[in-house]
Amino acid sequence: MLRIMGYELKMLWRNNAVRTVLFGYIAAFIMTVWVGRDYLERELASQRWIEKQHQAEVQKWEKKENIDPGYLAYYLFMPTFQDPSPWSALFSGNRKAEYNNLRVRLLALHGQVYASDIQNTENNLLGSLDLGFLLIYILPLIIGFLSVNILADEIQTGRWSILSSQALSESHLLLSKLFVRFILVSLINIALWCVVTLWADIPWDKHWAFALALLQIYQGLWFALIGLIISWRGRPISNSLAFVCVWSLAAIIIPGALHLHTFSSYRSTDGLEVMIQQRQAMNDSWDKDRDTEFRRFLEAHPEWSATQPLGPSFHWKWYYSMQQLSDIVVQDAAKRYEGSRIEVARLTRSLAWLSPALVLELAWSQISQTDLESQMAYFRQLVNFHEALRNFYYPKFFFDAPMQPEHVKELPRFVYSSPESPLPWWAVWVLLAGILVFLMAIPLKSVVRFQKKPDGL
Amino acid sequence: MKARICLHELRMHWRSKAFWFLFPLAWLLTLLIMLASWSELRDFQSSQVRWQQLNNQLWEDQPDRHPHRVAHYGSLVFRNPSLLSFIDPGVDHATGSAIFLEAHRQNSASFTRSTQSQAFLRFGSLSAATIILILWPLVLIVLGFGTVSQERESGTLKILESLGVRLSDLFIGKALAYLVLSLGLLLSVFLVGAISLGSLQGSVSSHEMIRLLLLFGLYLIYCGLWSVAILAVSWFTQTPRQSLMLLLALWLGLVVILPRFLTATVESIHPYPNRTAFDILIEQDIVRQGDSHDPNDPHFDEFKRKTLEKYGVEKVEDLPVNWNGLVMAEGERLGGEVFNEHYKNLQDIFTRQKSLIAFFQPLNPYLAMRELSARIAGSNAAHFNHFEQAAEAYRYRIIQELNALHTEQIHLKDDRTQKVRRDEWKRFEAFSYESPSLDWSLQGSLASFISLALWILLSIIFLNGLVIRWWRNVTNHGL
């Protein structure tokens, strides 16, 4: 058995096409990681720059002789940042498509958080590249290239009968051939994975092991598919065609069709409703009776109701409470909008099992915290941060708490705490189930036939 | 002879299982996807129109208000995607669908329609264009990889040559067969497309029909180029298996891998700021040039001096117009200028990225096709920017009109407590947007057309058998 495997390995190594493909793969692996690291580093550098500008701005306010907290709250934007996990350099998930460094100020929150980040959308059209893409879509093609014709080729060259006459059975031979290829691909991937871990500062923790294990199972799934195709004993060409068909189904057609399907359940109009309602509420408050509107706010937030009644002139406490009141007015619409996004995430998850590529995409984006759930967590933390801002400013507006330039330092800071995401065990089960299905689909007849010694093909 | 070869090739496919599996599948998929996108587009358009009407109504219904209040109330514009985006949605799903226009700020478009799992979008949103540009070549490869190498392997190629069949006849006949197959797909798809377009618009506009025809022509050329590529690879390889492997590698390289490596590389070579950094840069520049909210700002000191001089008065209280309104207008002018400059810089970065990618168009017709297809469909980034700029121009106009009202109808004393009569709001023109003409859409696409023309020329040379004759002379290589 070992002898056969050693021989196989030698054969593979001597094949120019195989060598070219494998070296190309390794080069692509390094290139994609480099691209991802480069993007991550730019992201961090840009955030450091933003932070520096913010500090300069804060210092300007600190140097003033006296500060009107109302103006401070109006002009001073507070930076926030959804700190990327080092994994995001490898599996970008949704991160590039989302706005994850919003600046907020004390104005109504829902008026500030739905902007979209700058993107060269034209590049999206041609597709984006990360390690995830290489592993999920290109690796299966390489596996197919290495293995789908192991039987058909040997039969065609007439080597099969010679080879199998020396071995115990066809199945032994075939399994060892497949096993050599699996080990080869696995070893290359594990080695590269370790290099990347060091390079991208990824901790050697359970997530690391889990993500790697997922990759091994995913490879296993494609090898199981190849086993199934081989068992049909087709000609080399029909094997290749069958493999390409399955690949395009898993990589292009199923995800595309699901996108169209989930697209219809995402209603951007819920978001528009938030925008329109809020602007209406906020501006109408200037035309309504100030005392009544202010009382409405105090009823909703009795913690501030001990404040003095409004005087005849403009007061910041009225201004900002009207901003907050408009947030309260749009609460329901905002919930609906959030709900439709959660629904899309749920739908995505519940349909992902249809394609192994999607399973791995979602599982890895969960580990790299680039999934929709992480984005939602960031959003919830933004909401809390806005509340902290209010708790800083409101005593100054409502209870005339003193505001000195040195108090600017005490402004709350946004610190993203990444949610403890559970390991995506579901992906393991789905992929294992896929392997099982492929193995069970192998016709019993051909298994029996493989068990026997060949009768001189 | 050509026609007979073509017919023979078609008859062969007619009898094959692969054809009866793949062709109806591709055909059905394209039609279904197109119809689904069409109905989605129709719903989206009518909802956008409704929102725009609601917004305009709300604007007119405003009570008596201070003009600056109205400037903060602002307006919303809703983007209607190009009609042909149901065939090629281009960047449509990645761009926001509404822009909030208000004083002092240029907001980005909010609510992109694809804030959802990118996992589904690795190969772009599934559209007729995606299928024709990405999947159909794969179908053609699967059907035709052995078109010459099979004949060589089975020996029929030798027989054909001994019968005196000219190479050019053989090639043109075979290429025609694959073009006819593609035509079968494209004709039915575009016929349904034309009917859908007609029903979408009420009456069919000739401009859209011309674009539709152009797209049809473009895709046909694309299919033609792939047919020739398949023929060429099939001729230059010894066995059908080699042909298949080489063609699959070619497809993977041209359509899947190269475009992605290019975008990733250009984003690293020409990085652009994110929205937050972009906004901060603008704010810093505005403050540098003149901060209308700072009473001691040198720019506004100078502005004040000039204004007082112009009206021949000593202090702003003596001006016949409202000084606050003038300051607002000047601040808006400065802000607009700074924004436009930064916006242009950003677009320049995008253009640099794009031209780096365009550099590879002569090597990879797929890149040229993607580019031209989205241009003709009116759904590339340039079209979105065209809308964005129209919205910004409109924003600037209404805000300055409001500042003029502020200057002329509101008095400086007790400025904040005064209001302008509500009738004024009805006098404002509603936002109207005309999508750009075909000429505009095609501006700057000469290079893409030239690289396509080059490929067409090369294909013709190959089909004539010129390449082969030269090859044989060089290598003494028989059939």
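Predicted model: local features only at pLDDT ≥ 70, side-chain atom pairs only at ≥ 80, totals over all residues.
In which hand of crossing does α9(B) pass α12(B)? I opened the notebook with that.

**Entry 1: chain B overall.** I counted 18 helices and four strands in chain B. I then looked up the overall dimensions. Along the principal axes, the C-alpha atoms of chain B fill a box of roughly 105 × 45 × 35 Å. The radius of gyration of chain B is 30 Å, whereas a compact globule of 479 residues would have one near 23 Å. I noted burial next: 45% of the 479 residues in chain B are buried. I also checked the contacts in chain B with a separation of 6 or more, and 81% of them are between residues 24 or more positions apart.

**Entry 2: the helix pair.** I took helix α9 of chain B, residues 240-269, and helix α12 of chain B, residues 323-358. They pack at an angle of about 140 degrees, and their axes are 9 Å apart. On the opening question, I recorded a right-handed crossing of α9(B) past α12(B).

**Entry 3: the contact.** Which residues make the contact? From α9(B) I listed B:L262, B:V266, B:E267 and B:I269. From α12(B) I listed B:Q353, B:L356 and B:I357.

Technical notes:
Residues numbered from 1 in each chain as written. Chains lettered and ligands numbered in written order. Axes fitted to C-alpha atoms, helices over the stretch in contact; angles between N-to-C directions. Helix = DSSP H or I, 4+ residues; strand = E, 2+ residues; numbered from the N terminus. Left-handed = near helix turned anticlockwise from the far one by under 90°. Contact = placed C-beta atoms within 7 Å. Rg over C-alpha atoms; globule rule 2.2 N^0.38 Å. Buried ≥ 20, exposed ≤ 12 C-beta atoms within 10 Å, placed from the backbone.
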